[in-house]
2 protein chains.
Amino acid sequence: MARSTTPPKATAAAVPQRLLAEATRLFAERGYDRTSVQEIVEAAGVTKGALYHYFGSKDDLLHEIYGRVLRLQMQRLEAIAGKEATPVAERLVEAAADVVVTSIGNLDDTKIFFRSMHQLSPEKQKAVRADRRRYHEKFRALVEEGQREGVFRQEVRPDLVVDFFFGAVHHLGTWYREDGPLSAGQVAADFADMLLHSVRQP
Amino acid sequence: MARSTTPPKATAAAVPQRLLAEATRLFAERGYDRTSVQEIVEAAGVTKGALYHYFGSKDDLLHEIYGRVLRLQMQRLEAIAGKEATPVAERLVEAAADVVVTSIGNLDDTKIFFRSMHQLSPEKQKAVRADRRRYHEKFRALVEEGQREGVFRQEVRPDLVVDFFFGAVHHLGTWYREDGPLSAGQVAADFADMLLHSVRQP
DNA sequence: CGGACAGCATACCGACCGGTATGTGACTCA
DNA sequence: TGAGTCACATACCGGTCGGTATGCTGTCCG
């Protein structure tokens, strides 16, 4: 790995990246349990020896996917929530629309994320839950900030707002079709609009 | 089956009901693919012979669960949506709150419902999707009715409202805990409230 | 130039898993 | 009373799966 940055005459991408990409595709399509490691390595054009050279187990692949999603979303949320010059209602709308667009843009990841938590080993599951919790708390903080400022209604429970909205986001993986009539931006705008109306002072 | 309506000295309930109950519990806990028929029959106190006497296959059990959920929810929605004397906004709120309470009341069913669609055979999957579609259409009709009457905002897409809300409902199976601080009624009231505020004229 | 090691490929294993074929006792009915 | 059938139990099967042990080859370093 250290002698040449990227093999010049490789098939397409480096082997571990190819394995992860094909695993993502297959996990999203057939589900984790119904995808065999044999199918993954065949799709990537290698053998099991290669997979177990780079990954310790099948659910290491899954854990990688979860880590990728959480890192990306956490980073984007932090960037948006941190704009202290922007009114909180605008930041909430922007964060909501952004997570919808990003979830649709990586629809395979979204499908996997909300369906395959239980297939992780207990320790990895715990780690993922902790990260997701931190993410939700950051999102919830926006709602609480809006309530303190008086722009959002006091009677809604911030944690329920978050669970409500992210239920809808996770569900995207179930019904959204890339070739459907709605663009990611349209869905994002409507979802963010509904979220805003559900919390702001009438 | 015809000679005695219910065996008086049976273990607890009739065998097929017990099988379905244990299967539901196990599917919700470990997932469909990670529950073996051996585990199901052991939990029910019988053997595989009994299971395959009453059910054609493992995914017949799953299909039964889906049918049970859809029949129940469709029936309840029809009862609520049909109250023509009640204003549409009230009917929407009542239907929304009811599906939340019912989903929490049958939390195992809810967990299974939103996770295990892909484990059904293609034909059964098609049938379930068709039923769920009819259910969503009935719910969507309430939104459209409110828009025609002018009590709901025109700019929200009714189908997106439905996908938004039922995403949150399905997600209940992931985060709601029976022993948590929130009662089913509290969640139902808040969810219904958020739904109403997200669609009604300001 | 010769080990050492990374980067795979090959071959193989034991543990299930869903499903089936067959047996068997209790009960019904003619 | 005996033939038939329902309601299961028992035993078994072929196939698949995640994982591993081992072999091979090219490259880099000393």
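Author: In this predicted model, A:E29 and A:R30 form a salt bridge, and their closest N and O atoms are 3.8 Å apart. A salt bridge here requires a side-chain nitrogen of Lys or Arg within 4 Å of a carboxyl oxygen of Asp or Glu, so the pair qualifies. Side chains of opposite charge can pair when their charged atoms come close. A:E29 counts as partly exposed because its relative accessibility is 48%. A:R30 is partly exposed as well, with a value of 34%.

A second pair is made by A:E94 and A:K83, whose side chains meet in a salt bridge at 2.8 Å, N to O. A:E94 belongs to helix α5 (residues 88-105) of chain A, while A:K83 sits in the loop between α4 (58-81) and α5, so this pair ties together parts that are eleven residues apart in sequence. The relative accessibility of A:E94 is 31%, so A:E94 counts as partly exposed. A:K83, at 35%, is also partly exposed.

The third pair involves both chains. The side chains of B:R153 and A:D193 meet in a salt bridge, with 2.8 Å from N to O. B:R153 is found in the loop between α7 (122-149) and α8 (158-175) of chain B, and A:D193 in helix α9 (residues 184-199) of chain A, so the pair joins two chains. B:R153 has a relative accessibility of 1%, which means that it counts as buried. A:D193 is partly exposed, with a relative accessible area of 23%.

Some of these bridges share partners. A:E29 and A:R30 belong to one network of salt bridges together with A:E22, A:R25 and A:E39. Over all chains, the count of salt bridges comes to 34.

Of the 202 residues in chain A, 51% are buried.

The fold gives the setting for these pairs. Chain A contains nine helices and zero strands. Its C-alpha atoms fill a box of roughly 60 × 35 × 35 Å along the principal axes. Among contacts in chain A with a separation of 6 or more, 71% are between residues 24 or more positions apart.

B:L195 counts as buried because its relative accessibility is 1%. Leaving out residues up to four places away in sequence, B:L195 touches B:L92, B:A96, B:F139, B:V161 and B:F165, and also A:F164 from chain A. B:F165 is 30 residues from B:L195 along the chain, and the C-alpha atoms of the two are separated by 7.0 Å.

Notes: Residues numbered from 1 in each chain as written. Chains lettered and ligands numbered in written order. Predicted model: local features only at pLDDT ≥ 70, side-chain atom pairs only at ≥ 80, totals over all residues. Heavy atoms only, no water. Helix = DSSP H or I, 4+ residues; strand = E, 2+ residues; numbered from the N terminus. Buried < 20%, exposed > 50% of the residue type's maximum accessible area, 1.4 Å probe, protein only. Contact = heavy atoms within 4.5 Å.
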